[in-house]
Amino acid sequence: MRYVKTSEMEVGSRFAKPIYTKDGVLLFNSGVKADASMIEKLRSLNLYGTYILGSAEPVPPITEAELEFERFQWVETYVVDKILKDVINQKVPEELENLVNLIYSRFSNRTQRMTFNQCLRGENDFISKHSLNVAILSTLLADRMGFDQKECKFLIEAALLHDIGKLLVPGQILHKDGSLSREEMTVVYRSTLQGFNVLNANYHYPAGVRRYIIQLTKELMNRLPDCPREEQKLLPGTKILQVADIYDTLTAIRSYKSPMSPFSALKVMRDEPQKYASNVVDVLEECIHILPVGSYVMLSNGEQGIVVRENSRAIDRPVVLGLMTNTLFDLSLRDTYKEVQIEDTVFTPDNRQHIEIDVSKFIN
């Protein structure tokens with residue numbers, strides 16, 4: 001499986017992931033060969049690209065829960081988009097309360113790790129898919145950290161609205177095919193601040209949501225060179241928003257850059273504890289799969305391996321089967337970890353980051 005830009009997709013390519021309409025109707029299923037009309041339809045959606053299978057590659061397995069999650073992302077993205085545009089256009093976002101309740105009901109009270117699949121993105125839905133994913137991740141984190149229902153819903157609403165200013169960023173900057181310059185990033189920051197001002201003027205949101213928006217505004221102003229830095233004691237919910245935001249940003253498909261693996265994204269956050277609260281990152285590891293069984297990894301000894309057992313206490317120290325030496329490395333053991341660590345997840349020989357394996361043959 002490999003990622004291909006929509007502009008480079010060829011007739012005969014096979015879809016690796018299902019693609020849905022805004023109503024949740026399956027448009028193209030995984031494994032289907034694309035003809036010219038399908039490619040044209042794909043381009044009309046303005047997707048940056050999609051994943052395709054090799055000529056002899058089997059369709060990767062996906063659970064019903066993962067399929068339903070992808071469908072949920074596709075459908076609710078359009079709802080988020082309407083909510084944000086309604087606020088910008090001084091209309092009452094009538095769907096907002098229902099969406100907040102739906103996200104809370106679906107993603108709170110989870111006791112096991114969730115497989116958090118990234119969805120395909122394009123110019124039309126880049127902002128809304130990010131906002132939806134940040135809201136979902138924030139729900140998982142807040143619920144696990146003991147937020148009550150009312151506070152959790154305040155946080156979900158703040159997450160859905162936090163990037164509204166990106167709708168005001170000029171398209172040539174927002175969808176630039178390359179890294180942004182410092183001047184362009186300043187435009188993004190100022191547009192985001194303008195979005196918060198529009199939000200304050202056009203929508204009477206609850207005080208519980210306002211607290212988060214105020215703190216996000218101050219944090220953003222601290223990034224601007226002409227604004228005096230203002231230190232503030234961040235609310236736990238604001239710290240959750242920061243972690244959820246950067247995780248989705250780093251692992252998402254972008255127009256100019258390949259997505260970072262969840263494992264590498266976690267390392268970025270671990271390396272900057274002054275920006276991303278370590279206790280929140282700990283909880284993120286508890287909520288979603290970072291190195292699930294079957295993950296294909298590169299080890300520091302130069303060997304590639306497969307994760308055969310997760311480590312619930314330290315995600316970067318699972319049991320790994322080395323493929324070159326057929327050796328089991330139990331990275332939870334101090335002496336083993338001194339010699340061998342995981343550097344990153346990598347693609348399998350058939351271009352997947354995760355494969356289905358029967359772990360019983362390796363461990364009891």
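**View 1. T251 is buried, with a relative accessible area of 6%.** Here, buried denotes a relative accessible area under 20%, exposed over 50%, and partly exposed the range in between, computed with a 1.4 Å probe on protein chains only. The model is a predicted one, in which local features need pLDDT of at least 70 and side-chain atom pairs count only at pLDDT 80 or more, whereas totals for chains, interfaces and linings use all residues. Residues are numbered from 1 along each chain as its sequence is written, and side-chain values rest on heavy atoms, with hydrogens and water left out. T251 belongs to helix α9 (residues 236-251); helices (H or I, at least four residues) and strands (E, at least two) are DSSP runs numbered from the N terminus. The T251 side chain reaches the backbone oxygen of Y247 at 2.8 Å. Leaving aside residues up to four places away in sequence, T251 touches Q118, P259, M260, S261, P262 and A265, where contact means heavy atoms within 4.5 Å.

**View 2. Five strands form an open sheet in the order β9-β8-β7-β6-β10, with antiparallel pairing.** The edge strands are β9 (327-330) and β10 (342-345), each of which pairs on one side only. On average, neighbouring strands of this sheet are turned by 40 degrees against each other, direction ignored. The axes behind this angle are lines fitted to C-alpha atoms, for helices over the stretch in contact, and angles run from 0 to 180 degrees between N-to-C directions. Two strands count as paired if DSSP finds at least two bridges between them.

**View 3. Strands β6 (residues 296-299) and β7 (residues 304-309) form an antiparallel pair over 3 bridges.** V297 has G305 in β7 as its bridge partner. The two strands make a hairpin with 4 residues between them, and G302 in the turn has a positive phi of about 90 degrees.

**View 4. Strand β8 (residues 319-322) runs antiparallel to β7, joined by 4 bridges.** In this pair, I306 stands opposite L321 of β8. β8 also pairs with β9 in the antiparallel sense, over 4 bridges, and V319 has D330 in β9 as its bridge partner.

View 5. C152 is buried, with a relative accessible area of 1%, and C287 is buried at 3%.

Definitions and conventions. Polar contact = N/O pair within 3.5 Å; in protein donor to acceptor, adjacent residues only side chain to side chain.
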